[in-house]
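Me: I have a structure open and would like to go through its architecture with you. Could we begin with the sheets and then move on to the helix and the core?

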Amino acid sequence: MSAGAAPIVLPPGIQRGDSYRLAFVSSATTDAVSGDVSFYNQFVTGLANSITELSELEIGWSAVVSTSTINARDNTGTRPSVAGGSVGVPIYLVNGARLVNSYDDLWDGSIDVAFDVTESGDTVTSGTLLVGTGTQIDGTVFPGRPMGASFPEIGILSSTAGNWIRFDASLPETQRRIYAISDVIELPIPAPNALSLTIFGLVGIALTRRRKPS
């Protein structure tokens, strides 16, 4: 992994009033023995909250995994549009790179950049490149290969094609990384502060007085 990085929680180009989500691949690994999605959600949430910049956001995190009872796109709240189009908000890796433009873009068979940045902002360059997913390219469970199955589906984090989420089957006991996506982050438009209101009021009074006939 690259050293000395730090997570970027406000990606370049995001402005007041915009909404977006953050994403990372886990620096730690876990097996795919459990068929309970909450296990994987708790796993990635624990990693996110171990990083000060991410924990201070006070947001939830979800694993990009499918089990026999839930699809990855539902677990992460990234269900694409029914008739095609562009729904949802852009998703950024925690190094500031945009992963996808929308939820449809996430599940259309390719992503904009490799999903290879950990919660600390480091790029994965060594160790396992394989990720537990249990998921097909469209975000639904891979039939017979969910997390918790005898041979759950895995992805490869170095790919920007469909292999990022669907690459091969693996033994459930094998340690793999997990992808994670945050809740939606809304950058609020700041309300005028007291000083601004006072200045605005004084300007208004001055303009009113200026309009009075002499």
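**Strands, helix and core**

Me: Let us start with β5 and β6. In which sense do they pair, and over how many bridges?
Reply: Please note that this is a predicted model. In it, β5 and strand β6, residues 153-156, pair in the antiparallel sense, with 3 bridges between them.

Me: Which residues stand opposite each other there? Take Gly-132 and Leu-130.
Reply: Gly-132 has Ile-154 of β6 opposite it, while Leu-130 stands opposite Ile-156 in β6.

Me: And how many bridges join β6 to β7?
Reply: There are 2 bridges, and these two strands run antiparallel. Ile-154 stands opposite Asp-168 in β7.

Me: What is the strand order in that sheet?
Reply: The order is β5-β6-β7, an open sheet of 3 strands with antiparallel pairing. β5 (130-132) and β7 (168-169) are at the edges, each with a single partner strand, so one side of each lacks a neighbour in the sheet.

Me: What about the side chains of β6, buried or exposed?
Reply: All are buried: Glu-153 and Gly-155 point one way from β6, and Ile-154 and Ile-156 point the other way.

Me: Changing topic: which strand runs antiparallel to β1?
Reply: That strand is β8, joined to β1 by 3 bridges. Ala-23 stands opposite Ile-181 in β8. β8 also pairs with β2, in the antiparallel sense and over 3 bridges, and here Ser-62 is the residue opposite Ile-181.

Me: Which residues lie on each face of β8?
Reply: Tyr-179 and Ile-181 are on one side, Ala-180 and Ser-182 are on the other, and all of them are buried, which leaves both faces covered.

Me: Now the helix. What is the span of α1?
Reply: Helix α1, residues 37-49, has 13 residues and reaches 18 Å from its first C-alpha to its last, close to the 18 Å expected at 1.5 Å a residue.

Me: Which of its residues are buried?
Reply: In α1 the buried residues are Val-37, Tyr-40, Asn-41, Phe-43, Val-44, Leu-47 and Ala-48. They cover an arc of only 160 degrees around the axis, and therefore lie on the same side of α1.

Me: On to the largest nonpolar core. Which residues touch the most other members?
Reply: Among its 46 residues, these are Trp-61, Leu-99, Leu-106, Trp-164 and Tyr-179. At least two residues of this core come from each of β1, α1, β2, β3 (91-93), β4 (98-100), α4 (103-106) and β8. α1 gives the most, with 6 residues.

Me: Why does Thr-76 count as buried?
Reply: Because its relative accessibility is 3%, and the cut-off for buried is under 20%.

Me: What does Thr-76 contact?
Reply: Apart from neighbours within four places in sequence, Thr-76 is in contact with Arg-21, Ser-62, Ala-63 and Val-64. Its side chain also makes a polar contact with the side chain of Thr-78, at 2.7 Å.

How values were computed:
Residues numbered from 1 in each chain as written. Predicted model: local features only at pLDDT ≥ 70, side-chain atom pairs only at ≥ 80, totals over all residues. Heavy atoms only, no water. Pairing = 2+ DSSP bridges. Helix = DSSP H or I, 4+ residues; strand = E, 2+ residues; numbered from the N terminus. Expected span 1.5 Å × (residues − 1). Buried < 20%, exposed > 50% of the residue type's maximum accessible area, 1.4 Å probe, protein only. Arc of directions from axis to C-beta. Core = buried A, V, L, I, M, F, W, Y, C linked by side-chain atoms within 4.5 Å. Polar contact = N/O pair within 3.5 Å; in protein donor to acceptor, adjacent residues only side chain to side chain. Contact = heavy atoms within 4.5 Å.
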